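Colleague: Please show me the model, and let me ask how each label was reached.

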Amino acid sequence: MTVAVATPSKQRRKSGVPSYLIYETLNGRALYYRGYRDVTTGKKTPAEIMGSRSLQATLVATLVMFLGRVINRKKYLVVTNESGIHIDKGNNLSNDIAIFDKSSGLTLSDKYFTVPPKIAIEVDVRIEPEEFSGKESGYVYAKTERLLAFGVETVIWVTTEPKKIFVATHTAPWITQNWDASVPVLDDVVLNLAELLQEEGIEF
C-alpha cells in the first residue's frame with residue numbers, strides 16, 4: 001500500500017510541484033514533505049526526504065513493539081507505516097501508529113482506512129510547515145483537531161526536540177509533558193517513554 005496520499009484539488013496544489021511530494025491533505029490544503037524544495041531543485045532525490053530518520057524510525061518501532069506486548073490484540077489492531085486515513089475529499093491523513101477497535105466496522109483492503117482509530121500516535125512533524133506560517137505547532141493543532149473531530153479518542157504526539165509528549169482528547173485539557181511522564185494510552189495501558197527506552201537500552 002502506497003504511503004503518498006491522494007492529490008487534492010488543483011487550486012490548492014503548488015504549481016510545478018509533483019503530487020508524489022504531497023505527504024497529506026488537511027482541510028483541503030496539500031501539505032508537502034519537509035525538504036520538498038530540495039527535490040524540485042534537484043538537490044535531493046525523493047527518497048532522501050521521504051524516508052524516516054533513524055531517530056524517528058527507532059521511536060516508532062519501539063512504540064509498536066511495546067503496544068504489541070501490552071494491549072489486548074484480540075480486541076485491538078495496531079498498525080504503522082504511516083497508515084492512511086481517508087476522512088473526506090479534503091482530508092487524507094497519515095498516522096505513524098494507529099490503534100483500531102476491531103469491532104468498529106474495520107475493513108482491510110488496498111484503500112485507506114475510513115473509520116477512525118481509537119488512538120493516533122505521531123512522532124515528530126514530517127511536513128514543511130509553510131502552510132501554517134512556518135510553525136509546526138499550527139500543523140500539530142490543526143491535524144489533532146481534525147482527527148478528534150473524525151472520532152479519534154486520543155491523539156498523542158512524541159517530539160524529539162524538545163523531548164516532549166503532547167496528549168489531546170475530547171474529555172480533558174490538552175497537555176504537554178516530558179518523556180518521563182506516565183501517559184494513559186487505552187484501557188490499563190500506560191506509556192512512560194523514558195522508562196521504555198531505558199528498558200530497551202536505547203539512548204538519544
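Modeller: The chain exposes about 10,400 Å², and carbon and sulfur atoms supply 50% of it. Accessible areas come from the Shrake-Rupley method with a 1.4 Å probe, and for residues only the protein chains shown count as cover. This is a predicted model: local features need pLDDT of at least 70, side-chain atom pairs count only at pLDDT 80 or more, and totals for chains, interfaces and linings use all residues. Residues are numbered from 1 along each chain as its sequence is written, and side-chain values use heavy atoms, with hydrogens and water left out.

Colleague: Why is the pair of phenylalanine 166 and tryptophan 174 called edge-to-face?

Modeller: Rings of Phe, Tyr and Trp (its six-membered ring) pair if their centres lie within 6.5 Å; planes under 30 degrees apart count as stacked, over 60 as edge-to-face and the rest as tilted. Here the centres are 5.7 Å apart and the planes are at 75°, so the pair is edge-to-face.

Colleague: Why does phenylalanine 166 count as buried, and why is tryptophan 174 called partly exposed?

Modeller: Buried means under 20% relative accessible area, exposed over 50%, and partly exposed in between (1.4 Å probe, protein chains only). Phenylalanine 166 has 9% relative accessibility, so it counts as buried. Tryptophan 174 has 32%, so it counts as partly exposed.

Colleague: Why does serine 133 count as exposed?

Modeller: Serine 133 has 68% relative accessibility, so it counts as exposed. This serine sits in the loop between β7 (119–123) and α4 (136–150). Serine 133 also has a positive phi of about 55° although it is not a glycine.

Colleague: What makes asparagine 27 partly exposed?

Modeller: Its relative accessible area is 40%, so asparagine 27 is partly exposed. Asparagine 27 is in the loop between β1 and β2, and has a positive phi of about 50° without being a glycine. Most residues other than glycine have a negative phi, and most peptide bonds are trans.

Terms used:
Helices (H or I, at least four residues) and strands (E, at least two) are DSSP runs, numbered from the N terminus.
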